[in-house]
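Reader: I'd like to go through this one with you, starting with the pockets and then moving on to the helices around them. Could you bring it up?

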Amino acid sequence: MKKPRNKKYQPKYVARNPMATFFGGMSGQHADELVKLNLINHGAIVNICHGSGTKADWDRLVGAINMGNVMCEQGTGNEFRAEMIAARDALCKCGKRFMKSGRFGFTGEELQAVNAGLAAHDAQVENVRAIDLERAADEVIRRIRHGVNTTNVRAELSRQ
């Protein structure tokens, strides 16, 4: 006698458009995640501009710019490298001021640089696949863990 099945049958996922599902950019298949990511990143810069920015907001912006730098190195939007470097330097200056005063804030030039870097990051994210974003995120984490091409605000302050 045959043993009865223990679980309910569930068919496997079948992609309607495999090219878009597996090779598409973030603007199509993953549009909801893209909107959520943009809201969080731009919300962080708004919080800092309003004077209510926290370290989590600053870390969010640093993460976005770090992702943008790594994506430039990986060949996605290499034309944005100058904006990413300027935004990184502006965030470093903002972090140094935070260490001295306890509040986050940008000067006019720093705000322009960070806005340009964030706009470039948005353009990069719209035109890549989700797997490319994951690879860039993994590379950022690897670099932070091993101290490759990293800048620490406390170390920068101690040098001065």
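Reader: Which helices each supply at least two residues of the lining of the second largest pocket?

Author: Bearing in mind that this is a predicted model, the helices that each give at least two residues to the lining of the second largest pocket are α2, α3, α5 and α6. The largest share of that lining, five residues, comes from α6.

Reader: And which residues lie nearest the centre of that second largest pocket?

Author: L37, R60, M67, L133 and A137 lie nearest its centre, out of 14 residues that line the second largest pocket. The space in this pocket comes to about 250 Å³, and its lining divides by class into nine nonpolar, three polar and two charged residues.

Reader: OK, now the largest pocket: what volume does it have?

Author: The volume of the largest pocket is about 890 Å³. Its lining is made up of 33 residues, and V62, N66, R88, T150 and T151 are the closest to the centre of the pocket.

Reader: Where does the largest share of the lining of the largest pocket come from?

Author: That share comes from α4, with eleven residues, while the helices that each supply at least two lining residues are α3, α4, α6 and α7. Sorted by class, the lining of the largest pocket holds 14 nonpolar, eight polar and eleven charged residues.

Reader: α3 keeps coming up, so how far apart are its end C-alpha atoms?

Author: The end C-alpha atoms of α3, which runs over residues 55-73, are 27 Å apart, and this agrees with expectation because 19 residues at 1.5 Å a residue should span 27 Å. After α3 comes G75, which has a positive phi, near 100°.

Reader: Which residues of α3 are buried, and what covers them?

Author: The buried residues of α3 are D57, W58, L61, A64, I65, M67, G68, N69, V70, M71 and C72. Their cover includes α2 (31-50), α4 (81-101), α5 (108-126), α6 (130-146) and α7 (153-159).

Reader: Let me switch to the aromatics. How many aromatic pairs are there?

Author: There are two aromatic pairs. In one of them, the rings of W58 and F104 have centres 5.9 Å apart and planes at 20°, so the pair is stacked. Since W58 lies in helix α3 and F104 in the loop between α4 and α5, this pair ties together parts that are 46 residues apart in sequence.

Reader: What about F98 and F104, how are their rings placed?

Author: The ring centres of F98 and F104 are 4.0 Å apart and their planes are at 0°, so this pair is stacked as well. W58, F98 and F104 together form one aromatic cluster.

Reader: Is W58 buried or exposed, and where do F104 and F98 stand?

Author: W58 has a relative accessible area of 11% and is therefore buried, and F104, at 7%, is buried too. F98 is partly exposed, because its relative accessible area of 24% falls between the 20% and 50% cut-offs.

Reader: One more topic, H121: which helix is it found in, and what is it in contact with?

Author: H121 is found in helix α5 and counts as buried, with a relative accessibility of 3%. Setting aside neighbours within four places in sequence, H121 is in contact with N41, A64, M67, G68, M71 and M84.

Reader: Where does N41 lie, and what does it touch?

Author: N41 lies in helix α2, and at 1% relative accessibility N41 counts as buried. Apart from residues up to four places away in sequence, N41 touches R60, L61, A64, L118 and H121.

Reader: To finish with α5, which of its residues are buried, and what do they pack against?

Author: E110, A113, V114, G117, L118, A120, H121, D122, Q124 and V125 are the buried residues of α5, and the buried residues of this helix pack against α2, α3, α4 and α6. From first C-alpha to last, the 19 residues of α5 reach 27 Å, close to the 27 Å expected at 1.5 Å a residue.

Definitions and conventions:
Residues are numbered from 1 along each chain as its sequence is written. This is a predicted model: local features need pLDDT of at least 70, side-chain atom pairs count only at pLDDT 80 or more; totals for chains, interfaces and linings use all residues. Side-chain values use heavy atoms; hydrogens and water are left out. Helices (H or I, at least four residues) and strands (E, at least two) are DSSP runs, numbered from the N terminus. The expected span of a helix is 1.5 Å times one less than its number of residues. Buried means under 20% relative accessible area, exposed over 50%, partly exposed in between (1.4 Å probe, protein chains only). Contact means heavy atoms within 4.5 Å. On a 1 Å grid over the protein atoms alone, a cavity is a set of points where a 1.4 Å probe fits but cannot get out, and a pocket is an open set with protein on both sides within 12 Å along at least five of seven lines; lining residues have an atom within 4 Å of a point. Grid points are joined across faces, edges and corners, and a volume is the space filled by probe spheres set on the points. Ala, Val, Leu, Ile, Met, Phe, Trp, Tyr, Cys and Pro count as nonpolar, Asp, Glu, Lys and Arg as charged, and the others, Gly among them, as polar. Rings of Phe, Tyr and Trp (its six-membered ring) pair if their centres lie within 6.5 Å; planes under 30 degrees apart count as stacked, over 60 as edge-to-face and the rest as tilted.
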